[in-house]
Amino acid sequence: MADVVAAFRKNRTKIWVGAITLLLVFYLVVSFQRSVLLLLDSNAAAKAIGAAYLVLPIIGAWAMVRELLFGARTEQMAKVLEAEGGLPVDELPRTPAGRIVRSAADAEFEKYRAEAEAAPEDWRSWFRLSCAYDAAGDRKRARASMRDAVKLFRGKVPA
C-alpha cells in the first residue's frame, strides 16, 4: 500500500493532466458530434451554427496537443538538466504561508538573466531563466523563456 501511495505522490501531476485531458477529449468528441448533427440539419441557420461550432473542437484539439507536447518537452529538458546537475536549486526564503519572498527571487533572477544573456544559444540558460521568472511571479515571461528553451533544445532558433 505504501508503494501505491508513493507512486501516486510521485505521479500526481501526470494523473491530473491525464484526467483533465480525458475530460477535454470527451468534450471535444461531444462538440464535434453536435456540430455534425447541426450540419446535417435541413435548416440553413442550424447548418451555419454547426459550421461555426465545428471550429471549437479543432482549436481545442490543437491547443491540447500543443500544451501536452510543451509539458513533455519541458519534462525531458528537466531530466537532462537533473542528470547533468544543472537544475536550479530552490533555496529561496519563503513566507510563513509558503510563498517565495519576492525580493529574494528578484535578486536570484538577476543571476539567471545574466547567464541567459551570456549564452543566448544555450537552452539550459533559458530553462533556468524560466524557473527564475516563475519564482519571481512573472508567469507570462516564464512560459516565453521556456518556449525559447524548447526551441533551442529541439535545434530551432527562437524568433
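From the N terminus on, the elements of the protein chain run α-α-α-α-α-α. The model discussed here is predicted.

Student: What percentage of the 159 residues in the protein chain is buried?

Tutor: A residue counts as buried when its relative accessible area is under 20%. In the protein chain, with its 159 residues, the buried share is 24%.

Student: Which element gives the most residues to the largest nonpolar core?

Tutor: The largest nonpolar core has 17 residues, and those touching the most other members are M77, W123, W126, F127, L129, M146 and A149. Two or more residues come from each of α3 (44-84), α4 (102-118), α5 (123-135) and α6 (139-153). The element that gives the most, with six residues, is α5.

Student: Which residues does F127 contact, leaving aside its neighbours within four places in sequence?

Tutor: F127 is one of the core residues that touch the most other members. With its neighbours within four places in sequence set aside, its contacts are T74, M77, A78, L81, L87, M146 and A149.

Student: How many residues make up the other core, which lies apart from the largest one?

Tutor: This other core includes L92, A104, A135 and A136. Its total is five residues.

Student: How are α3 and α5 oriented to each other, roughly parallel or roughly perpendicular?

Tutor: Two packed helices are described by the angle between their axes and the distance between the axes. For α3 and α5, the axes come within 11 Å and cross at roughly 105°. Angles of 65 to 115 degrees count as roughly perpendicular. The orientation of α3 to α5 is therefore roughly perpendicular.

Student: How many nonpolar, polar and charged residues are in the contact of α3 with α5?

Tutor: From α3, the residues T74, M77, A78, V80, L81 and E84 take part, and they meet W123, R124, F127 and R128 in α5. Sorted by class, this contact has six nonpolar, one polar and three charged residues.

Student: How are α3 and α6 oriented to each other, roughly antiparallel or roughly perpendicular?

Tutor: The axes of α3 and α6 come within 10 Å, and their crossing angle is roughly 75°. An angle over 145 degrees would count as roughly antiparallel, while 65 to 115 is the range for the other description. The two helices are therefore roughly perpendicular.

Student: How many nonpolar, polar and charged residues are in the contact of α3 with α6?

Tutor: On the α3 side are R66, E67, F70, R73, T74, Q76, M77 and V80, which meet R143, M146, R147, A149, V150 and F153 in α6. By class, the contact holds seven nonpolar, two polar and five charged residues.

Student: Is S145 buried or exposed?

Tutor: S145 is placed in helix α6. Beyond its neighbours within four places in sequence, S145 is in contact with W126, L129, S130 and Y133. Because its relative accessibility is 5%, S145 counts as buried.

Student: Where is P88 found, and which residues does P88 touch beyond those up to four places away in sequence?

Tutor: P88 is found in the loop between α3 and α4. Its relative accessible area of 23% makes P88 partly exposed. Not counting residues up to four places away in sequence, P88 touches Y112, R128 and C131.

Student: How far apart in space are V36 and D122?

Tutor: V36 also belongs to helix α2, and its 31% relative accessibility makes V36 partly exposed. V36 and D122 are 86 residues apart in sequence, and from C-alpha to C-alpha the distance is 47 Å.

Technical notes: Residues numbered from 1 in each chain as written. Predicted model: local features only at pLDDT ≥ 70, side-chain atom pairs only at ≥ 80, totals over all residues. Heavy atoms only, no water. Core = buried A, V, L, I, M, F, W, Y, C linked by side-chain atoms within 4.5 Å. Buried < 20%, exposed > 50% of the residue type's maximum accessible area, 1.4 Å probe, protein only. Helix = DSSP H or I, 4+ residues; strand = E, 2+ residues; numbered from the N terminus. Contact = heavy atoms within 4.5 Å. Axes fitted to C-alpha atoms, helices over the stretch in contact; angles between N-to-C directions. Parallel < 35°, antiparallel > 145°, perpendicular 65-115°, else oblique. Nonpolar A, V, L, I, M, F, W, Y, C, P; charged D, E, K, R; others polar.
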